[in-house]
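Please look at the model first.

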Amino acid sequence: PYKFGSSNPEKGVDCSGFVKHVYKESADISLPRSAAEMSQKGETVAQSELKPGDLVFFNTRKKPNSHVGIYAGDGEFVHASSSHSKEVMISRINEKYWASRFNGARRVLPQE
């Protein structure tokens with residue numbers, strides 16, 4: 001479930017808490033706690049060059065890079081949503097809501 005300020009999947013996670021947990025568990029990469037801080041890590045990636053695992057950022061609180069998700073491929077990203085379902089969910093990056101709020105993407109996973 002969604003829980004603002006939390007990165008503990010047992011109790012719930014917010015968007016950056018979810019991303020921080022997934023990166024630590026799957027790639028042993030420690031990311032900063034906030035979406036804004038995460039947006040400073042790694043390399044900038046054009047939306048047309050996205051690969052699964054890239055971080056995607058959105059302006060959802062009238063602040064740049066206030067929401068973060070993980071690109072899953074095929075135009076989809078996984079994120080902890082504070083609205084609608086209030087849980088981890090998959091959304092399409094080109095949906096009107098997300099497309100109009102897209103702030104950019106970063107690649108923090110090492111390239112093979």
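Asp 54 is buried, at 2% relative accessible area. Here buried means under 20% relative accessible area, exposed over 50%, and partly exposed in between (1.4 Å probe, protein chains only). Asp 54 meets Arg 107 in a salt bridge, 2.8 Å from N to O. Arg 107 lies in strand β8 (residues 102-107) and Asp 54 in the loop between β3 and β4 (55-58), so the pair ties together parts 53 residues apart in sequence. Helices (H or I, at least four residues) and strands (E, at least two) are DSSP runs, numbered from the N terminus. Arg 107 also counts as buried, at 15% relative accessibility.

This is a predicted model: local features need pLDDT of at least 70, side-chain atom pairs count only at pLDDT 80 or more, and totals for chains, interfaces and linings use all residues. Residues are numbered from 1 along each chain as its sequence is written, and side-chain values use heavy atoms, with hydrogens and water left out.

A salt bridge is a side-chain nitrogen of Lys or Arg within 4 Å of a carboxyl oxygen of Asp or Glu. By this rule the count is four. Among them are these:

| Salt bridge | Closest N and O atoms |
|---|---|
| Asp 14 with Arg 33 | 3.2 Å |
| Asp 28 with Lys 24 | 2.8 Å |

Asp 14 is buried at 7%; Arg 33 is partly exposed at 27%. Asp 28 is exposed at 55%, and Lys 24 is partly exposed at 37%.

Ser 39 sits in the loop between α2 (35-38) and β3 (43-45). Ser 39 is buried, at 8% relative accessibility.
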